[in-house]
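Colleague: I would like to go through this model and hear what stands behind each label. Please set the values against the cut-offs.

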Amino acid sequence: MIFSWRKNKLGFLTKLKKELPGVDSGSEIAIPSHYMCPISLDLMKDPVILSTGITYDRESIEKWIDGGNFSCPVTKQDLTVFDLIPNHALRRLIQDWCVANRSYGIERIPTPRIPVSPYEVKEICSRISIATQRSDSKRCSELMGKIRNWAKESERNRRCIVNGGTGDVLAASFEHFAGVSIEKHVGLLEEILLVLTCVYPVAIEGLSKLGSADSLKCLVSFLVGKDLSPKQSAIFVLKELLAADRRYVNSLAAIEGVSEALVSIIRDPLCPSATKSSLTAIFYMILPSDIGEKMALKFVELGLVSQLLEFLVDAEKSLCEKALGILDGICDYKQGREKLYNNALTIPLLVKKILRVSELATEYSLSILLKLCKSGEKGENEVRVEAAQLGAFQKILVLLQVGCGGDMKDKVTEMLKLLNLYKDRLDCIDSSMHFKYLKKSF
């Protein structure tokens, strides 16, 4: 259906012309101007009154205020109060008008739900805190359901819940009931965790609660369990926790079964978001630290290298970058390099990912190749030969031609020197010819 808006000569009414089956194409529906939002000029679905007395559609005026505009669009008065009061009388008139014109195909505007207010969020947070102190799991469960329903209703509600500090309150409740008894309160803990994923991010105070020994033990128990929903929520929270503060790596690594659970999520994917979260968590756990090497070797023993190489064959961009980042970290250690040397997929995949995925993936691929080519270990010469035969030399020339800077340029230059010994195997001519060849090949 095609809508066209225009004002009549007197300016009191706006016409909506609508082509409908069985209706004369010249028919026009008169839309009273006070039924339309002054900002969007669309029929109002949820009319609200601003402090200046002017009525707007809720969505339009919220976008106006969120955009940093603190004056009334019509009167230009500065706003000191930002409360939006529902105009129920006007909304009913608009609904009646829609019903009266339903023969033209106009649907009745549904009665909107009243959005949650900051006061309501503050009140429910207070109730959760009290119920938590009393270890009243039943009452906490009821309140969790209410928050979850609020968050589902609209993005505006979710933002209001997040801004009200709900995440910190939920984190404190999770820590409390996890400390009392995971087995006794498993249902409530799963529910808290599910709601928690809807109201992220969590402030520093909330993170400290989620990073406590009791909370981490509970998160890992969900991670190694068979239920999919709490497992997805647990891996999401762990990923956010490690990304926010790496000091939790030591505490997490000390819990039995966490490494195996993370690898199993990659081996038997639950969903793309869970796989991404697992890869991110592993990446943070193997970064240089007191236990970085220990964790990297643990993942190598669990078969992560071969798992990631198989995963890289058809992984999408984000997953590919994360997998290559992990392999780059593992490649810092001898056992990790040995696993890569012994896998037939390693060099073909690394060369293929150069210039095919993203700049970050290219940098990781080059970094891994460099570590394999200059390790001083048995197999480095075979890596150089295979990489040259598979086209790494030509791709690196392209990187130089298209331009790269910083660390990437250093890696490209160093890799070019290492492969230069094998360029005679490629029947290369000159850089310009390489570039023409690569434009056709890649």
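Colleague: What share of the contacts in the protein with a separation of 6 or more comes from residues 24 or more positions apart?

Modeller: This is a predicted model. Residues 24 or more positions apart make up 63% of those contacts, and a contact here means heavy atoms within 4.5 Å.

Colleague: What makes a residue count as buried, and what percentage of the protein does?

Modeller: The cut-off is under 20% relative accessible area. Of the 442 residues, 46% count as buried, so each of those has a relative accessible area under 20%. The accessible surface of the protein comes to about 22,700 Å², with 51% of that area belonging to carbon and sulfur atoms.

Colleague: Which residues is Leu304 in contact with, leaving aside neighbours within four places in sequence?

Modeller: Leu304 is in contact with Val263, Ile266, Ile282, Phe299, Ile326 and Ile330. Because contact means heavy atoms within 4.5 Å, each of these has a heavy atom within that distance of Leu304.

Colleague: What makes Glu62 a residue of the lining of the largest pocket?

Modeller: A lining residue has an atom within 4 Å of a pocket point. The largest pocket has a volume of about 570 Å³. Glu62 is one of its 21 lining residues, and is among the closest to its centre together with Val116, Pro118, Arg156 and Cys160. Glu62 therefore has an atom within 4 Å of a point of that pocket.

Colleague: Which helix gives the largest share of that lining?

Modeller: The largest share, five residues, comes from α5. At least two residues each come from α1 (58–66), α3 (118–133), α4 (137–153) and α5 (155–163).

Colleague: How many residues of each class line the second largest pocket?

Modeller: Its lining has five nonpolar, three polar and 15 charged residues. That pocket has a volume of about 490 Å³. Of its 23 lining residues, the closest to the centre are Asp46, Arg58, Glu59, Pro112 and Ser154. Asp, Glu and Arg count as charged, so Asp46, Arg58 and Glu59 fall in the charged class.

Technical notes: Residues are numbered from 1 along each chain as its sequence is written. This is a predicted model: local features need pLDDT of at least 70, side-chain atom pairs count only at pLDDT 80 or more; totals for chains, interfaces and linings use all residues. Side-chain values use heavy atoms; hydrogens and water are left out. Buried means under 20% relative accessible area, exposed over 50%, partly exposed in between (1.4 Å probe, protein chains only). Accessible areas come from the Shrake-Rupley method with a 1.4 Å probe; for residues, only the protein chains shown count as cover. On a 1 Å grid over the protein atoms alone, a cavity is a set of points where a 1.4 Å probe fits but cannot get out, and a pocket is an open set with protein on both sides within 12 Å along at least five of seven lines; lining residues have an atom within 4 Å of a point. Grid points are joined across faces, edges and corners, and a volume is the space filled by probe spheres set on the points. Helices (H or I, at least four residues) and strands (E, at least two) are DSSP runs, numbered from the N terminus.
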